[in-house]
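Reader: Could we go through this protein together? I would like to begin with how its parts meet.
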Amino acid sequence: MTTTLDQLSDLAAEATVCAERPPLVVTSPLNGLTLGAVPAGTPDDVALAGERARRAASQWAAWPVQRRCAVIARYRDLLVTQREELLDLVHAENGKARVAALEEYLDAVLTAGYYAKFAPRHLAPQRRRGALPTLTSTRVAYQPKGVVGIITPWNYPLTLVSSDAVAALAAGNAVILKPDSQTPLTALALLRLARQAGLPRDVFQIVTGAGATLGEPLLDQVDHLMFTGSTATGRVLAEQCGRRLISCAAELGGKNALLVLADAPLQRAVDGAVQACFSNTGQICAGIERVYVHKDVYDAFKVAFVAKAKALRLGTGPGYDVDLGPLINQAQLEKVQAHVADAVAKGAKVLTGGEVRDDIGPLFFEPTVLVGVTDQMKLAREETFGPVVALYQVADDAEAIARANDTDYGLNAAVWSGSLAHGRAVAARLRSGGVNVNEGYAAVWGSTDAPFGGVGASGLGRRHGPEGIREYTEPQTVAAQRLMPAGQPPWLSRETYAVVMTAAVHWLHVTGGQLLGKVMGR
Ligand code: NAD
């Protein structure tokens, strides 16, 4: 790639357009300075991408999965060699601290490596029990959907683009991706790397531009949508997919809870909670915005947690000595301010933070911890998506679980306990797509072999693991019949068939079936 920050305008050439388009200027949230420009795409550009993708999809799907995965492995290798350039780009375009950029970079490398290695296994046809034992040989094949649309947000501009595209491509689909307008350069840099790795040009295309302009036209071109973003947009898109009868996965927002149980290892819980609340300046879908602490450890936890939050370093620098970068834009800053102001006006108390830090940059907000947050406050139930967290004292596990579950969302949760068995037992009672025990979010998120996703207002579908790649496929059942029909044979009367089959079906589903299964090695 060798994209240094002063060569960013080159990246615009990777986007699919059918004519010259006005520039969509990309500025850095660090300082408001212009980084580059990409084409402000139109529905015609999406249509062109659709035509090209449709043509490319069948050829790509015909490649053996191992050959597709070899391209992905080369792409993963390029990610590895381009670490510093990619981190610089993510830092400049999104503003996030380098340590947060590193986290998503590592995830992208991990996911590309995982699917390069395991996609053949996850996509291999599976034998299933046939209609008639030994006579019906049944297999399920995972066929690509065709053309997959991916819409990504700004908060993880590297790994969400890379990891979803890799899974869809490994499954044999062509991909048309629309990145957020605030972070299109990172997406285009990844596309360039994928092409350098040997990915045929039309198999993966990016159309840049406004979601409201490109969203519906994109749905007209694709067989499946993978959307990551806000719950509000997710609902609109899921409805539009429903009308077209195309499948969609939607990874949406969260109002995630962290539980500190009475037996929690306190210092580890404090360290983990600070990371989970403030990483990526709180602009993380799996980030923690509510912390429920058992009364026996509440005071000690509160003191240590506030001290650690207060010590976090805000900054614009590109080094690992910065903990928090700015918020992404003015609207996000205002939302964070409004949530804190509303809570304070209604009686909540700020233990640390609460202030805009325009002495550092235009979009900085301090890591903020509040107590006394009640249900009447926006902060209690709405996703803030910033460096703001509320602490609550609870009497016991039951109260912690009930309050954690009292939300429309269900993406991520965390439980801290001195006993994994205790932590797991509490986890099982939480309504959440993922639960970390003695970790904030990274244990679930980093378990690339296991599904990640939400319930309720946090979305539909899963990424990662076998479930994540199979989302981009249609299971196709092929059942081959030997010797005699699976239905009534012509030489048996219907009456006899009815008697024989009723007995056979009963036998099959009780002990006989198990026995036969063992004999057949199934
Ligand atoms: P958003 O919904 O405003 O935008 C996300 C993407 O959708 C952008 O690319 C945008 O251009 C596009 N878009 C907007 N309106 C559209 C429309 N009508 N049709 C088609 N596309 C449209 O979300 P955001 O505020 O930018 O992102 C933050 C949200 O994303 C938060 O709620 C966060 O929790 C969520 N998120 C979820 C996950 C997850 O895995 N669950 C991961 C990251 C972010």
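Reader: What is the area buried between domain 1 and domain 2?
Author: The area buried between domain 1 and domain 2 is about 2,500 Å², and carbon and sulfur atoms give 56% of that area. Buried area is the accessible area (1.4 Å probe) that two parts lose on being put together, summed over both. This is a predicted model, in which local features need pLDDT of at least 70 and side-chain atom pairs count only at pLDDT 80 or more, while totals for chains, interfaces and linings use all residues. Residues are numbered from 1 along each chain as its sequence is written, and side-chain values use heavy atoms, with hydrogens and water left out.

Reader: How many residues does each side give to the contact?
Author: Domain 1 gives 30 residues and domain 2 gives 34 residues, where contact means heavy atoms within 4.5 Å.

Reader: And how many salt bridges and polar contacts are there between the two?
Author: The count of salt bridges (a side-chain nitrogen of Lys or Arg within 4 Å of a carboxyl oxygen of Asp or Glu) is zero between domain 1 and domain 2. Eleven residue pairs, both at pLDDT 80 or more, are in polar contact. A polar contact is a pair of N or O atoms within 3.5 Å; within protein, one must be able to donate a hydrogen and the other to accept it, and residues adjacent in sequence count only if both atoms are side-chain atoms.

Reader: Which helix supplies the largest share of the domain 1 side?
Author: Helix H4 does, with ten residues of the side that touches domain 2. Helices (H or I, at least four residues) and strands (E, at least two) are DSSP runs, numbered from the N terminus.

Reader: What does Thr111 touch?
Author: Not counting residues up to four places away in sequence, Thr111 touches Ser163, Val166, Thr448 and His464.
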